[in-house]
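Thank you all for making the time this morning. I would like to walk you through one model, so please have the sequence and the structure open while I talk.

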2 protein chains.
Amino acid sequence: MKYLVLVLLFALPLSAQTEQAKVRDYIRTHQRGILAEFVELLKLENVALNNAKGRADIQRNADFIVKMLEKRGIKGQVLNVEGGFPAVYGELLTPGATKTVVFYAHFDGQPVDPSKWKTPPFEPTLLDSAGKPMPLNLNPGIVPDPARANPEDFRLYARGASDDKAGVLGLITALDAMKAAGVKPSVNIKFFFEGEEEAGSEHLGAILAKYSDLLKSDLWILCDGPIHQSGKLQLVYGARGVMGLEMTVYGPNRALHSGHYGNWSPNPALDLAHLLAGMRDKDGRITIPGFYDDVRKPTTAEEQALAVFPDVDSKLKSELKLGRTLGNQRVERSALEPALNIRGIRAGSVGEAAANAIMTEASASIDFRLVPDQSPQSVRRKVEQFIRQQGYKIEGEGASDQPGSRRIRLQWETGYPPTRTSFAAPAAQAMVRTIEAAFPQQKPLLRLPTLGGSVPAYLFEQQFKVPVMILPIANYDNNQHAANENIRLGNLWQGIELYASLMAGLGQHWD
Amino acid sequence: MKYLVLVLLFALPLSAQTEQAKVRDYIRTHQRGILAEFVELLKLENVALNNAKGRADIQRNADFIVKMLEKRGIKGQVLNVEGGFPAVYGELLTPGATKTVVFYAHFDGQPVDPSKWKTPPFEPTLLDSAGKPMPLNLNPGIVPDPARANPEDFRLYARGASDDKAGVLGLITALDAMKAAGVKPSVNIKFFFEGEEEAGSEHLGAILAKYSDLLKSDLWILCDGPIHQSGKLQLVYGARGVMGLEMTVYGPNRALHSGHYGNWSPNPALDLAHLLAGMRDKDGRITIPGFYDDVRKPTTAEEQALAVFPDVDSKLKSELKLGRTLGNQRVERSALEPALNIRGIRAGSVGEAAANAIMTEASASIDFRLVPDQSPQSVRRKVEQFIRQQGYKIEGEGASDQPGSRRIRLQWETGYPPTRTSFAAPAAQAMVRTIEAAFPQQKPLLRLPTLGGSVPAYLFEQQFKVPVMILPIANYDNNQHAANENIRLGNLWQGIELYASLMAGLGQHWD
């Protein structure tokens, strides 16, 4: 009876259940060895700086990952383009498989400021949830100090621990677990490990183009980013695009005494305040005319998927000491709309250095987040039109050396467009079914239509015209990009199991 | 006939005409000696820093000025209060005079950054209008290079050359010119030379109180500031008050990823932009409710006086490369109203350092200019009321540690109130008549109801309850407070003559 209920609930044959348990058991009993390899990978400095050290560091990581693949009997290949950083490729073809999946992760990391870290960023350190150092040689089921905490809550601190060497380690270790469990992949597996993601993926497009035959597939799965703040897994269907803008509003051509000229000369900081306030209202809504015109409405399926997300707003508000949030909508849903964020404002001086003067110019830095069907071009057009409507003459347009009524300089970053895979895409549906089958406690799987942040998923989409999905494994509070980056061990174990389940099950669930 | 016309025009007895000509002639023929003494005074460093060097420097200046007075047979006296910088006092009592005038100037100067000066700030240097160095030993009527320029247009560069050692030198030299011309003062003359004006006049009130008997008078004339931009003299009846405000708007308690949280978390820079834009409209008008309620309307006489000012707006606009000015009113008139000036804004980062993040706080620095009958207290009350109405909880008011809907920190500078002497004040009328008699080409004398800038004239007014007037001599483009401060020689000569004419004529024109 019990068995029957399980079958009905999980809709999986007994063999799959057993295989999943074996995979999990392998991971549980091999934590020490998995961590040992991870630590070696994390010890390698991995900041993709465009200098001799940066290039040598990334090469060292690539070589190490090639060796990791070769240990599993996979031929590792370093992919290079002129001026770029090396990527690593490997493939495991499955006899009889009709679908091919590229699993993506990146092994480079954000720059580090060691003075802000509690442990050295390239000396991986295991701490329990109270911050006490723990030995790295974990044994299965052995809690170093059972009174203190669940070892699933221990965290490994190092640059790249979560973003995104956890992806690399997790994917490769999944192969070990499958092998030990006697599980065969159901799809052709390709690995693509990037080496310059945190440096802006400047050569990614060129690499994808050069190796387009090698990288041909039916689906890209980007193994990067954090899971939901509730601790549940989430499958992400897209990411917002991004573009940056630096703007400078001009005032008088020399600083003026604010007493003598304060009611007479325009103050560029005030002009800038009006311009920014005119672009976005107090509730965060963008008020640039037509800005939302090409925003794609969420589908019913997307709305329904968002409705089942656990509510983390109150928890986040309290954690961040925020008295209010914007527009009365949940954080997951807010990413369905474009965003205009002020990154910074600089004008004159404040505090001790403040002078009773009207400054000559005032600058703001903005980042825009784009959603389908916006493009960097359409955003730029609307923003510039709005600025002109406010009476500004944009530097470089026509007779910019003539004093206009208001003068402004705009410097646009190139930016890139958003992506969003349809909930109806067979590849995406196969992923949902596979994950729900392997992790029944995650059912219904959280399906996020779009990440609030930006990853250049459009490069894969444009080059290969196949669905691009994002499947994170890291804890949400992993200090991504900051000091004290970490991965929670429970998330790492679950991540390995997750990747193994996809490799094993995806082909079976794919219509 | 010609003589009769002159009499009618100038309404002055022949003797006064002659005396004025003799004063002018003395100045013309003693330029070399006057400059020599001025250069010695300007060589003395005069930044009133609160340290051993600053105090020694100011003492050295005070001692030098005492000696300058003693050379003219006036006993110089150093006035001191606990913790303050020395001021210098001297008096010249006139038998039979019924009125007493205190002439004020200050001998300390703004801090210097020598790297920004074209000549060393404490090595006085004479340059012609093309910037070519000129010898300091000017002889009467001898133009060093007649082809180049009018030596009246030469400028002496040094810290304090115009602000305000020109006042000290001009007042003392006026005595020499009068003596040489055989002209007797018509009022009791008192000199008060301050040594910490640019450091904020922190002890001025205490000095005035301590020496109130010594400083008793019927009129204070502050010899400081620039003449009108048209090159005409101007008599100034008051100054705006001033007060400063530093404000910080709070956001999340740690920087947030702008992609994940950009439509959800408030951005303190945007909140600040809305707050500032809500305080002052695009035309510079202050929109804080009730802000103009206690602004005194200009009198008909003041309006009429303003109407005769030469229009310098176009010249200034072109010089400053301003495409527009605020509120469609002339610069002289704009100072009749209060001002709200943004001194600076700081939030996040711009340019290369800009991060795609929501910052934790955003700060602005503001200076307010006050006009009668505003007070620092009334301004503060209205600003804080407005801020509360925008939904902010001001730090320190009630349960500030509780997260409110919007949080702000305000730090007020003490500030001080405005002053404005009535056009009808007999002392002021005497000044107008005296100056117009001595300088017929200045008739009608420009009478400015209030300086746009601020000087703590209220201290004299509160202590002595007598009119306080401001009579500048420096060229308007003297680079006051900045690098390359200078005085135009023509302005210096005219200034000496102006002071002499007042000392000689004021008693005769005073009803």
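Predicted model: local features only at pLDDT ≥ 70, side-chain atom pairs only at ≥ 80, totals over all residues.

**Sheets, helices and the contact between the chains**

Let me begin in chain A, where three strands form an open sheet in the order S4-S5-S20, with antiparallel pairing; strands here are DSSP runs of E with at least two residues, helices are runs of H or I with at least four residues, and both are numbered from the N terminus, while two strands pair if DSSP finds at least two bridges between them. The edges of this sheet are strand S4 (125-127) and strand S20 (486-488) of chain A, each of which pairs on one side only, and from one strand to the next the twist averages 25°.

Residues are numbered from 1 along each chain as its sequence is written, and chains are lettered from A and ligands numbered from 1 in the order in which they are written.

Staying with chain A, strand S5 (residues 155-157) and S20(A) pair in the antiparallel sense over three bridges, and within S20(A) the bridge partner of A:Arg155 is A:Arg488. Helix H15 (residues 489-509) of chain A lies across S5 and S20 of chain A and runs at about 70° to S20(A); axes are lines fitted to C-alpha atoms, for helices over the stretch in contact, and angles run from 0 to 180 degrees between N-to-C directions.

In chain B, four strands form an open sheet in the order S5-S4-S6-S21, and the pairing is antiparallel. Its edge strands are strand S5 (133-134) and strand S21 (486-488) of chain B. Three bridges join strand S4 (residues 125-127) of chain B to strand S6 (residues 155-157) of chain B, and B:Leu126 stands opposite B:Leu156 in S6(B).

Helix H15 (residues 489-509) of chain B lies across S6 and S21 of chain B, and helix H13 (residues 426-438) of chain B packs with H15(B) at an angle of about 125°, with their axes 8 Å apart. That angle makes H13(B) oblique to H15(B), given that angles under 35 degrees count as roughly parallel, over 145 as roughly antiparallel, 65 to 115 as roughly perpendicular and the rest as oblique. Among the residues that meet are B:Ala430 and B:Met431 in H13(B), and B:Leu498 and B:Ser501 in H15(B), where contact requires C-beta atoms, placed from the backbone, to lie within 7 Å.

The contact takes 68 residues from chain B and 68 residues from chain A, and S13(B) gives the most to the side of chain B that touches chain A, with nine residues. Five bridges join strand S12 (residues 339-348) of chain A to S13(B), and these strands run antiparallel, with A:Gly344 opposite B:Gly348 in S13(B). Finally, 100% of the interface residues of chain B are also interface residues in chain A, so the copies meet through the same surface.

Conventions: Contact = placed C-beta atoms within 7 Å.
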